[in-house]
Amino acid sequence: MAVNLTIPAQSDIHAVQGVQIGIASAGIRKAGNKDLTVFTFVPNTSIAGVFTTNRFKAAPVQVCEAHLATESDVRALVINTGNANAGTGEPGLADANQTCNELAKLLHLRPAQILPFSTGVILEPLPMPKLLAALPAAVSDLQDNNWFNAAHSIMTTDTQPKLHSQQLNLANKTITITGISKGAGMIRPNMATMLGFLATDVGIAPELLQDMTREIANKSFNRITIDGDTSTNDSFIIAATGQSGLHIDSVASPHYTPVFNALREAAIDLAQKIVRDGEGATKFMTITVEAARSSEEARKVAYSIAHSPLVKTAFYASDPNLGRILAAIGYAGVHDLDVNLIRLWLGDVLVAIDGGRNPDYLEADGKRVMEQSEILVRVSLGRGEHTETVYTCDFSHDYVSINADYRS
């Protein structure tokens with residue numbers, strides 16, 4: 001039931017020089033599932049990542065953060081679906097480390113050069129015999145352009161794979177950016193039950209890439225919400241192989257801005273695709289809050305609207321019960337907010353002004369907008385110059401059914 005989510009043709013997905021991907025079936029949760037993915041990178045690839053803020057960080061997240069803090073030459077990723085290896089204590093950490101150890105032997109690397117990722121059910125032990133038995137098959141399958149299959153193999157409750165691929169010309173060189181993401185539920189800012197992997201053949205200095213990754217995440221994966229739940233496993237990785245011959249060492253580089261913008265747009269696209277494929281989603285909503293005193297204030301109001309179950313169910317029903325939006329603005333935590341300055345638009349329709357309903361507003365106009373599959377909600381707070389945008393979806397009957405039956 002994904003909302004206007006386009007899957008690119010395989011011919012439109014470009015291999016990234018210096019990246020190989022292998023897929024295997026471990027049967028971690030369901031027999032026959034392609035649920036194990038391995039990425040490898042050429043030496044001296046820069047790798048940067050941002051991870052969940054949930055205090056119950058999954059074991060693989062803890063291992064990833066430790067390896068990135070100590071290893072300057074990360075060379076591989078290993079991703080399993082069907083089991084999150086979260087809430088598993090010391091045994092879970094041992095399993096994540098063993099996964100790295102065994103893959104390192106197959107790839108002739110150090111264990112710290114491997115980053116592990118898991119997604120799926122929380123509070124269950126990872127079935128290590130199945131995972132380890134499938135690692136050789138994933139390594140044997142390593143190939144240059146396996147992104148399409150990888151997008152499928154990292155899915156859990158997703159209904160469609162999520163891919164982005166583009167090429168641009170800089171300094172007479174063809175630059176490639178390709179990535180995949182997964183996620184459909186437990187999606188909230190500060191990373192959520194989502195995984196995102198983005199690669200480019202541009203060379204980017206490691207510290208610069210980490211700064212870029214953090215900033216890109218804050219404008220993409222940290223601007224989406226489906227249900228307000230922040231998961232234990234969320235991870236976003238950018239890899240820069242340098243194989244195109246174009247290198248960026250600082251923000252002063254003449255190529256920094258176009259590369260940064262292209263990576264950011266790729267991440268926004270992958271993040272929006274997660275929302276479009278939200279569990280049971282029928283509508284994709286953009287919430288923009290402008291004229292705020294600070295970016296934090298604008299985000300507070302936007303998330304208050306986006307997280308409201310009453311707002312989300314009204315959108316599902318195409319019911320212009322727009323007082324619910326005003327209520328969400330009012331309880332967002334902006335304590336000195338002057339409601340008489342607020343303006344609210346639904347698409348192109350001005351709904352509220354001067355602290356109340358716009359005298360010219362007609363419910364038929366609101367209904368017309370609510371029946372669309374993509375809807376813009378725009379709020380002006382009338383108190384500053386800052387604007388923020390978040391992306392969300394509606395709540396349908398299917399959302400409840402999917403999550404009630406998730407472990408079945």
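This is a predicted model: local features need pLDDT of at least 70, side-chain atom pairs count only at pLDDT 80 or more; totals for chains, interfaces and linings use all residues.
Local features need pLDDT of at least 70 and side-chain atom pairs count only at pLDDT 80 or more, while totals for chains, interfaces and linings use all residues. Residues are numbered from 1 along each chain as its sequence is written, and side-chain values use heavy atoms, with hydrogens and water left out.

**View 1. Helix α7 and what covers it.** Helices (H or I, at least four residues) and strands (E, at least two) are DSSP runs, numbered from the N terminus. Look for α7 at residues 295-307: its 13 residues reach 18 Å from the first C-alpha to the last. That is close to the expected 18 Å, which is 1.5 Å times one less than the number of residues. Among its buried residues are Glu-297, Val-301 and Tyr-303; buried means under 20% relative accessible area, with a 1.4 Å probe and protein chains only. The cover over the buried residues includes β12 (284-292), α8 (309-316) and β17 (386-393).

**View 2. The hairpin of β6 and β7.** Two strands pair if DSSP finds at least two bridges between them. Here, nine bridges join β6 (residues 162-170) to β7 (residues 173-182), and the two run antiparallel. Two residues lie between the strands, and Ala-171 in the turn has a positive phi of about 50°.

**View 3. Cysteines without a disulfide.** Cys-100 is buried at 1% relative accessible area, and Cys-393 is buried at 0%.

Technical notes: Buried means under 20% relative accessible area, exposed over 50%, partly exposed in between (1.4 Å probe, protein chains only). Contact means heavy atoms within 4.5 Å. A disulfide is a pair of cysteine sulfur atoms within 2.5 Å.
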